[in-house]
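Let's take a friendly walk through this structure together. Have the sequence and the 3D view side by side as you read.

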Amino acid sequence: MRRSRKPIVIASRRSLLARTQAEMVGRALGKLHPNVEIQYRWIESEGDIKLNQSLADIGGKGLFTRTIESVLLKGEADIAVHSLKDLPARDTPGLMIAAVPKRTVVNDCLIAKDGSTSLDQLATGAIIGTSSPRRASQLLRARPDLKIDLIRGNVETRINKVIAPQPNTIHYDATLLAAAGLRRLKKLDLAARTIPTDIMLPAACQAALAIQCRSDDHVTLTRCLPLNNPSSSTAVHAEREILAALEADCHSAIAVLAEPVETGDELTKRTGDQTYRLQIRILSPDGSHCLEFDQQTKTKELRRLIKTAVSQLKEQGADDLLHSQTIGA
Ligand SMILES: NCc1[nH]cc(CCC(=O)O)c1CC(=O)O
């Protein structure tokens with residue numbers, strides 16, 4: 001086959017999950033543009049190098065993504081593929097999200113050494129490895145007896161730290177991981193152990209991928225556009241708007257989920273007049289205080305609902321909860 005057009009260079013982290021995701025996007029782009037060569041640039045991010053420290057301590061959310069973003073800004077790649085939940089809520093100047101592919105299962109999964117598949121099966125005082133304030137506070141809200149211990153490393157490392165620990169290392173009874181990542185890594189038995197969202201609401205943008213490019217690169221933008229799923233995109237942009245408006249950071253125990261509600265109604269599908277359910281949960285580190293928002297609206301009213309949610313949560317004291325110190329700090 002003749003490959004005459006400018007190649008598409010995709011930048012991504014080197015971790016197995018990041019690589020798998022980048023290759024999923026690469027394959028989809030290859031199918032759309034059979035005459036365009038797809039190349040990859042695998043990049044070591046700061047977050048992957050400083051694995052023994054808490055994410056919150058070493059620079060927070062942007063850590064995994066900013067090295068890759070700088071490669072993109074320098075023109076050394078055309079596209080970056082990220083887990084959208086790892087991207088800061090506001091776009092880096094000069095870059096934009098060109099497409100959000102269809103989002104898969106949003107839940108977290110319980111990975112327990114004894115095979116427990118729900119929180120109530122865990123032994124009293126079980127030690128749960130997580131460095132996520134969101135997961136820790138919701139765990140403690142459901143089960144105040146649990147002990148939380150910091151855990152870091154990529155997905156495979158964390159599974160091994162629980163299931164097959166090295167001698168003389170910290171013992172963990174369980175950890176929580178996103179089902180979406182486990183599925184992409186083909187760990188389907190573990191991905192089946194989902195926790196319902198009424199107990200464990202996911203992080204904003206969990207399970208969604210971001211295909212990012214330079215805002216002025218119209219060729220690449222146009223090439224990526226067919227990979228965009230409009231309802232997943234609307235949902236995650238709503239979630240990012242909420243994080244930005246609340247100025248949530250990596251210390252914040254906040255969960256946000258905007259979900260298209262299945263009405264099954266043909267007219268709704270045709271007119272795109274989709275209903276979204278917006279859920280927000282903000283907690284104190286120990287889970288004893290919890291602010292919640294849960295309402296539905298149509299696409300065209302979503303902006304207004306976000307504003308209502310943000311002002312309501314702020315009135316109820318969200319700022320104090322969001323900026324109090326949590327585990328890992
Ligand atoms: N911060 C790590 C990270 N970023 C995205 C995912 C999972 C995949 C996703 O949410 O798309 C994970 C691991 C995890 O939380 O289990």
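How many disulfides does the structure hold? The structure holds zero disulfides, where a disulfide is a pair of cysteine sulfur atoms within 2.5 Å. Before going further, please keep in mind that this is a predicted model, in which local features need pLDDT of at least 70 and side-chain atom pairs count only at pLDDT 80 or more, while totals for chains, interfaces and linings use all residues. Residues are numbered from 1 along each chain as its sequence is written, and side-chain values use heavy atoms, with hydrogens and water left out.

C213 counts as buried because its relative accessibility is 0%; buried means under 20% relative accessible area, exposed over 50%, and partly exposed in between, with a 1.4 Å probe and protein chains only. For C250, the closest cysteine sulfur is that of C205, and at 16 Å it is too far for a bond. C250 is partly exposed, because its relative accessible area is 23%.

Now let's turn to the ligand. Which residues are closest to it? They are K85, D86, R135, A178 and A207, out of 13 residues that surround the ligand; a residue counts as near a molecule or strand if one of its heavy atoms lies within 4 Å of it. Some of the polar contacts can be picked out one by one. A polar contact is a pair of N or O atoms within 3.5 Å; within protein, one must be able to donate a hydrogen and the other to accept it, and residues adjacent in sequence count only if both atoms are side-chain atoms. K85 places a polar side-chain atom 2.7 Å from a ligand oxygen atom, and R135 places one 3.0 Å from an oxygen atom of the ligand. A207 takes part through its backbone, with a polar atom 2.9 Å from a ligand oxygen.

R135 is buried, with a relative accessible area of 5%. Leaving aside neighbours within four places in sequence, R135 is in contact (heavy atoms within 4.5 Å) with K85, D108, T130, R158, L176, L177, A178, M200 and Q206. What about the helix around it? Helix 4 covers residues 133–142, and eight of its ten residues are buried, so the rest of the structure largely encloses it. Among the buried residues are P133, S137 and L140.

Two strands pair if DSSP finds at least two bridges between them. Strand 10 and strand 11 (residues 275–283) are joined by seven bridges, and L257 has Q279 in strand 11 as its bridge partner. On to the next pair: strand 11 and strand 12 share nine bridges, and here Q279 stands opposite D294. Strand 11 and strand 12 form a hairpin with six residues between them, and G287 in the turn has a positive phi of about 75°.

Finally, visit a few loops. E247, in the loop between helix 9 and strand 10, has a positive phi of about 50° although it is not a glycine. E247 is exposed, with a relative accessible area of 54%. K186, between helix 6 (179–184) and helix 7 (188–191), also has a positive phi, near 65°, and is exposed at 66% relative accessible area. E301 belongs to the loop between strand 12 (290–298) and helix 11 (302–315), and counts as partly exposed at 28% relative accessibility.

Methods. Helices (H or I, at least four residues) and strands (E, at least two) are DSSP runs, numbered from the N terminus.
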